[in-house]
Structure formats: structure tokens, C-alpha cells
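Please keep the viewer open while you read.

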Amino acid sequence: MLNKMQKLSQSLLETLQEVYNILLKDGLSRNYKTYKVTFYLQTPIALSWPFIHLDGIMLHRYLLAILGQKYYYVHTARIDLSEIFKVTLGKTLEEEGYMPVVDKWKDLYKATALEFGMHKRHVEVLYKRFEDRFYEKGTVRIGTGTFRSFAEKFIYINPKMATGVIRMDAKWVELLYKIPALGDDTRTGWGIVKKVEVEELNDEFVIVQEGIAKRVIPVDYLKYYKGKPIGIAYKPPYWLIDNVNLCVIPGTEVEIKEDEKDGS
């Protein structure tokens, strides 16, 4: 990662400093409240996994709103913002008292995965295989690289609505109403949101409700869990391989370690 950061231009480094200052100014105080969010959908949803985390959607909209075009400059680095600041600026937001826009328990954001209720599901598998027309001479590796062969599963569902719960800064709740679409392939019309309803709740700990995991949770945080855990990213950014851990998925019967929850 350090080599990648060393290649950043001076202009991008200056942009990172501006981004740091913007986020710090906004995040020195928060008024956390819990909200139930209901998305009414106009079109079916395309998914890579059978769930979507509300924290990832909200944080994306927040960064776009507060950083504007600078968000895309930073996003091109494809590194977690906190790591970028640590390497390039030698400091972190947390060290200066920054509080995230979505409340945290340990390093998990207090937000659930979206629940879709009754719906039909269609699974499509996309196969990508090496084609002979690309062959000229020498060895062609199909396990890695440009000519890698793979099969990728896509899930398509047609729910009327999706619901989730998130504990976040009240002054940014308006962003929930501005989420235009959910899931993958939204640019081609999948997952278009027709209407959003937001209701304030009294709950503070929304990660587990009535003994059921409401989001992906690392098994290290649990006293008990039912079923087999999987390796999956458990916090934003969900594309970052460093965030992959052995976790239970939403809907799993679990019990949080008492000392873990009390010390959150």
C-alpha cells in the first residue's frame, strides 16, 4: 500500500488534506438517533449477495454530499480513507475527536442489512472462459490474470419494498430520502427507488435484535452462533479485502459476548 501511496500526485495529496479538514469539521459532534427506513421500489433489484447493508449506502451518499467532486478523486485510489490519511498525513480523524456520521459499536456501524420481505428470486450464473481466438503463442494462464476463467452468480429479486434500521447523525437524515436506487446495475434501471419513508425509533443497539443478527458480524464478537460462518467483508468499504473476516450472515441466531456489548 505504501508504494501505491507514494505514486500519488501532489495535487491529490493536497486534495486529501482538504478532505481530511472537511470531514473533521463536520464530525466533531453528533446527535445520534435511530431510524427505520423503508424503500418502496419501482423496479426489481440486482444483487451480488442476497443482502445489502444500509451503512454502505448511507456512507456513500454522505461522502458524495459533503465532499462533492473530491469524493471521486479519493475513490480512484481504492484504499480505505482512514488508511490514506494515516499514510499520507501521518494522522487519523479519530485521534482528533472525529465521530462517524453513522454510530459505531466496536468497529461495526450500527445499521442493519435491508430486509426485502416476500419476493421471487432468480439466480443467473455468468461464465467467462478463455476463447481460442485470443491464442497466438506461448502459455495462456486461465487461473489468474487477463484470461482468467470464472463463474459469477447474480441474484435478481422483485420485492415491493426494502426495510432497514440505522443509527446516525440526525442532521444528515435527509440523505436517506435522496437514495435513488439499491443494489447492482442501477445505471441500467435495476433497483429504482420510488419513495422513502423514515421513522424514528428508540432502540440504540440495532445490530442484533431478539437473538438474530441483523447484519454481517465477525464471529470473534459472538459468544454463540448457529450455523457455519463464511469469509466476507463486514464493514465499509465492502470492496476492501482487508475488511474480510470470518462472519455470520444476517438472519443467523447469535448471542453477543456480554463484555463486548457493555464495553461498546
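Two strands pair if DSSP finds at least two bridges between them. Helices (H or I, at least four residues) and strands (E, at least two) are DSSP runs, numbered from the N terminus. Residues are numbered from 1 along each chain as its sequence is written. The model is predicted, so local features need pLDDT of at least 70 and side-chain atom pairs count only at pLDDT 80 or more, while totals for chains, interfaces and linings use all residues; side-chain values use heavy atoms, with hydrogens and water left out.

**An open sheet**

Let's start with the strands. An open sheet is formed by 3 strands in the order β11-β14-β13, with antiparallel pairing. At its edges stand β11 (217–218) and β13 (230–233), each with a single partner strand, so one side of each has no neighbour in the sheet. Between β13 and β14 (residues 244–248), the antiparallel pairing runs over 4 bridges.

**Salt bridges**

Next come the charged side chains. A salt bridge here is a side-chain nitrogen of Lys or Arg within 4 Å of a carboxyl oxygen of Asp or Glu. The count comes to 14 salt bridges, including these:

| Pair | N to O distance |
|---|---|
| R30 and D169 | 3.0 Å |
| R167 and D103 | 3.2 Å |
| E174 and K178 | 3.9 Å |

R30 and D169 form a salt bridge. R30 lies in the loop between α2 (10–26) and β1 (32–41), and D169 in strand β7 (residues 161–169), so this pair ties together parts that are 139 residues apart in sequence. R30 and D169 are both buried, where buried means under 20% relative accessible area, exposed over 50%, and partly exposed in between (1.4 Å probe, protein chains only).

R167 pairs with D103 in another salt bridge. It links R167 in strand β7 with D103 in the loop between α5 (81–88) and β3 (104–105), 64 residues apart. R167 is buried at 11% relative accessible area, and D103 is buried at 13%. E174, by contrast, is partly exposed at 44%. Salt bridges with shared partners join D26, R30, D169 and K171 into one network.

**Two packed helices**

Finally, how do α2 and helix α3 (residues 54–67) pack? Their angle is about 110°, and their axes are 11 Å apart. Axes are lines fitted to C-alpha atoms, for helices over the stretch in contact, and angles run from 0 to 180 degrees between N-to-C directions. α2 is thus roughly perpendicular to α3 (under 35 degrees counts as roughly parallel, over 145 as roughly antiparallel, 65 to 115 as roughly perpendicular and the rest as oblique). With contact meaning heavy atoms within 4.5 Å, V19, I22, L23 and D26 in α2 meet Y62, L63, I66 and L67 in α3.
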